Amino acid sequence: MEFTPLLFSSLERYLPPNLLDKPKAEKYNYMRDILRRYSTDAERTREQKHKEYRQKIISNYQPLYRELYTMNSSMFFVPSFHKAFSNPDKDQSIKDIISQPAPGVVTFDMLQPRFCEMLLSEVENFEKWVHETKFRIMRPNTMNKYGAVLDDFGLEGTLGKLMEEFVRHISKVYFADVGGFALDSHHGFVVEYGMDRDVELGFHVDDSEVTLNVCLGKQFTGGDLFFRGVRCEKHVNGPTYRDEIFDYSHSVGRAILHRGRHRHGARATTSGNRVNLLLWCRSSVFRELKKYKKDFLNFCGECQKEKEARLVHTMAAWKQGVLVGEGDTAAS
Ligand SMILES: [Zn+2]
């Protein structure tokens, strides 16, 4: 399909009223024509090429552990996490297993040690295949020279489920202000740090609404994450306030979840090797809505400060106005 079904389902609600009860095919064609008008040829060619690239890998690479390629909650997750999600009152049971060590940062035990080992071996197996076949792979992002995109070698379905059935639910509770309830696409990859890998990662924001980051192993020292406040595009290079400074040490199997716009970086991994699973979760609906919101953005620390300052100013002006008004009354 030319465009993803998710895009159509999120667009459907904006259809003109006269189309609402028309057959599915007619609605589909209408939306497709609009999308074609807006997406450029270059964009479509790039998407097509990436699809072919992925297909080429998937049809040639032999997975090491087939069981990783289908979501299996009890095998992937530690019992506390698995149980919290089996509870009918999920919102509460999720809150019970989550801690919030700093505003906008939540952590919880997530992956089984055995699952972490298997995923590490799978990635090593994939890299061995890449090396042997001299296949030119794309790295996960512009900042990491090492690491692999899990979606590219067959794990897209598993990670999609991970987002839809688990991450989205947590995000709905903690990150509703960035569309956490409407996450509908993802970019899943591993990054590798150590002496013969990337050493550290500078201060940045992610191309995501919500980022899941889980340490998979192996043995390492250093590699702490540091956080410096959530910022919108306009304020991304602005100062950090004291109460926004937060550092986090990884432990294997434990997950950390934060807004993509939460500025952060990774300190040097000083010994050993550290591999982390990253899932950048995005919301097409939130991105679309954000385009029309020109004033203060609720999630941004600096926007909030500006909003407070504006309020204080307005209050002061109002008070003065009242006093002047009273004076006028007294004089007349
Ligand atoms: Zn802002």
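Tutor: Let's start with W280, which counts as buried because its relative accessibility is 8% (buried means under 20% relative accessible area, with a 1.4 Å probe and protein chains only). Before going on, note that this is a predicted model, where local features need pLDDT of at least 70, side-chain atom pairs count only at pLDDT 80 or more, and totals for chains, interfaces and linings use all residues. Residues are numbered from 1 along each chain as its sequence is written, and side-chain values use heavy atoms, with hydrogens and water left out.

The structure holds 19 aromatic pairs; rings of Phe, Tyr and Trp (its six-membered ring) pair if their centres lie within 6.5 Å, and planes under 30 degrees apart are stacked, over 60 edge-to-face, the rest tilted. W280 pairs with F189: the centres are 5.2 Å apart and the planes stand at 90°, so this one is edge-to-face. The pair links distant parts of the chain, with F189 in strand 4 (residues 185–194) and W280 in strand 12 (residues 269–282), 91 residues apart; strands here are DSSP runs (E, at least two residues), numbered from the N terminus. F189 is buried as well, at a relative accessible area of 1%.

Now take W129 and F135: their ring centres lie 5.3 Å apart with planes at 35°, so that pair is tilted. Both of these residues are buried. Elsewhere, F76, F77, F81, F85, F108, F115 and F166 come together as one aromatic cluster.

Note on methods
Buried < 20%, exposed > 50% of the residue type's maximum accessible area, 1.4 Å probe, protein only. Helix = DSSP H or I, 4+ residues; strand = E, 2+ residues; numbered from the N terminus.
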